[in-house]
Amino acid sequence: MTSLVTNLGYSNGVLSIKGKAEVSLEESCTLCIRRREIEHGLEYPEEYSFPLNINSSEFVFEKDINTLLQGISLNNEMIWDLFLLSGDDYFKLETDKQLKMNTNDYVSLDNKQFKVKPYITGENGVSIFVLKNDIQGTVGNASFNEGVFNLSVQMSNSAILKQEDWNNYSIRLMVKKREQEHLFEYYDSMIIEPVSGVNPLNFSLNINDLFENYKLNKKLIWDLFIEVTSKDGLVVETPLLCSSGTKGLFNFNYFNFSHNDLYRIKPYVTGKNSIALLIRPSELKINLSQLKFENNTMHLLGTVSSLEYDVWNFDELESYLIIKKRYTVGKENIYYTEKVSHLSLLNAHFQAELSVAELLNDEVIHHGDVWDMFVRLTTLDGRIIDVMVKPLEDLKKEKFTYEIMSANPSYKFKPYVNGLGNFSLYFIDSNKPSHDAVKVAVLGSCFSRNPFNSTNYFNPTYKQNYKCVLTQFHSSIISMVSNPMQIDVAKMDDVTEYNKYFIQSDFEKNFFDQIKESRPEYLIVDLYADAARDIIKINDDTIVSASLALRQSKYFKEFMEYEVVTHDNNDTYFALWKEAMIQFAEKIKEYIPEDRIILNIGGFTSTYYDEDGSIKRFPRDHIIQRNNYFWDKLNSWFMQCIPGCKVINLKDTKYIGQHDHPFGKTFSHYQSGYYKEFMNRLNKLVMQDLQSDRQVQENKQLIKA
């Protein structure tokens, strides 16, 4: 059924719509506004319905926009699409090409925090666009003395004309920890109340008090925001800005924390002209003057120096040489595993001997692994700092040769100077011979399942080598280790049989039974579902995956009353996932050896090849960046829980999205070569195992003979 809008008006904040449907409308038919979400395709996670005036097939709607959006938690750049809702069926409002809006102007809502306008979309639909008003907090004056940051803030809003109107809002300062230097995601925050009323607002931050209970262990950036809350509880945040006239005030010196003088802090103006607090370690240098590498052992000589810290404050008996396994998350490195060796420190000079093969004897090594080198220093009162090892200029020129690991001949390694100018260890495959292939199961998404597709775009001859005996599609690890629940399959009449099977499997938690029955020789896993999709918490013990197939079905309405754990705060999601991953690892290893589990690293592309061969960018790049960062984090914990797993990582390739991908143009769908390269790397891993297994069998036959 089509629902054609014949008149569309917007005057003095009142939205008026007249239209006509193809057939007579039931009296229960309503106008439904649905919040558009385009993170992974078109979705509508929130909706509200309003009565219509109906006369046969004609309908009329008129309502003040403030009333329409009352009680809704608004956000900047929010889009609401308009539909007719008849029973369970949605019919998008459509316009003909001749219909024009009588105005394109935004109208500020009564809360003065947001402005809105209805508009005709490029596909001739009708939508409402919500935009944050131009609310700004600008620093008028600032000082930073003895660890106290005082600042005076002037508020402005194009919709607030009278000074006294600011008294209708609660205004506070928020200090929010940036997840990474180049990733503007925030999970930790602190609130500071003003010490005076509006214009100016005065704030005083005692740095020692603010961070007294915060563990300092790396460089951190805390961005400053102004939080404006209306009387009805609607909250708007805006970065605290620096005016051109006050930029010179921010030439502050660092202040050393009283509770940990290994770290220091200062306010500064960012490249976006906003205010932030920069925390960094005191500058300490581990100057390596000599490194000898032979027989899998490194011999090191060097010194500890600093222009910012008294190195005589370190306990010479509590100094260590550390190597840490590097995981790259976003644009930064994180570490879960470390190996410790004692270091002799005397009068700021040190020497150490590190037997790498012995130290890593029990570690699972992967091709391309990097272990970064640190010296751990401990102050006399027990505070600890790890400092990267940096070679002196003469040592930088020295080139080291790979050595086969004595404890694991499948790999070789060498020390090298990394891109940051520090010392690391690099491990690569020693080119052990490989052979043949077997059957696989896939737990994940199109990133791992599409390579096992026999159409020309993917791998037309894959069935000569592989049989895909089991697929579990778009299921969260959290869901898979929770308790099962019954599902009414009959209610999913708008879902394909293909997707119905996966949804049912997710609800009934039968993956491990299927693994036991199908007995795959390899399990290929990608964590797409947990990197980018939500979960639905039925109760504390039962959780299901909010897959796209489920969300797009009518059946999904029955789950809207339950708690949905989203990626708005990935710290909360990761806490649940981390524990679930431990359970999953324990369970899956009952059926499949660690070294037969293959983690497909995965990641979304921000660009694609268009029809004309040009490279275009997908919209919402910040969401792609956020999800890729979180996916990296999930991968690192997966490898920590299943350290013996194999890894396929195509991030070192240059493949991007493709406009004519068989399953559509999205940032999850890559060029054809991506899937062929995946198969090449899988072949290498599997063939190495087969050759190893054959050698074992041949040795057994020789013994019998």
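Modeller: The terms are taken up one by one below.

Modeller: This is a predicted model, in which local features need pLDDT of at least 70, side-chain atom pairs count only at pLDDT 80 or more, and totals for chains, interfaces and linings use all residues. Residues are numbered from 1 along each chain as its sequence is written, and side-chain values use heavy atoms, without hydrogens and water.

Biologist: How do you know that strand 40 and strand 43 pair?

Modeller: Pairing requires at least two bridges found by DSSP between two strands. Strand 40 (residues 607-609) and strand 43 have two bridges, in the parallel sense, so they pair. Tyr608 is opposite Gly657 in strand 43. Strands here are DSSP runs (E, at least two residues), and helices are runs of H or I with at least four, both numbered from the N terminus.

Biologist: What makes strand 41 and strand 43 edges?

Modeller: The open sheet has three strands in the order 41-40-43, with mixed pairing. Strand 41 (615-617) and strand 43 (657-658) each have a single partner strand, so one side of each lacks a neighbour in the sheet.

Biologist: Why is the space lined by Gln472, Ser475 and Met480, among others, called a cavity?

Modeller: On a 1 Å grid over the protein atoms alone, a cavity is a set of points where a 1.4 Å probe fits but cannot get out; lining residues have an atom within 4 Å of a point. The largest cavity holds about 50 Å³, a volume being the space filled by probe spheres set on the points, joined across faces, edges and corners. Helix 7 (497-508) and helix 8 (511-518) each give two or more residues to its lining.

Technical notes:
1 Å grid on protein atoms, 1.4 Å probe; cavity = no way out; pocket = protein on both sides within 12 Å on 5 of 7 lines; lining within 4 Å.
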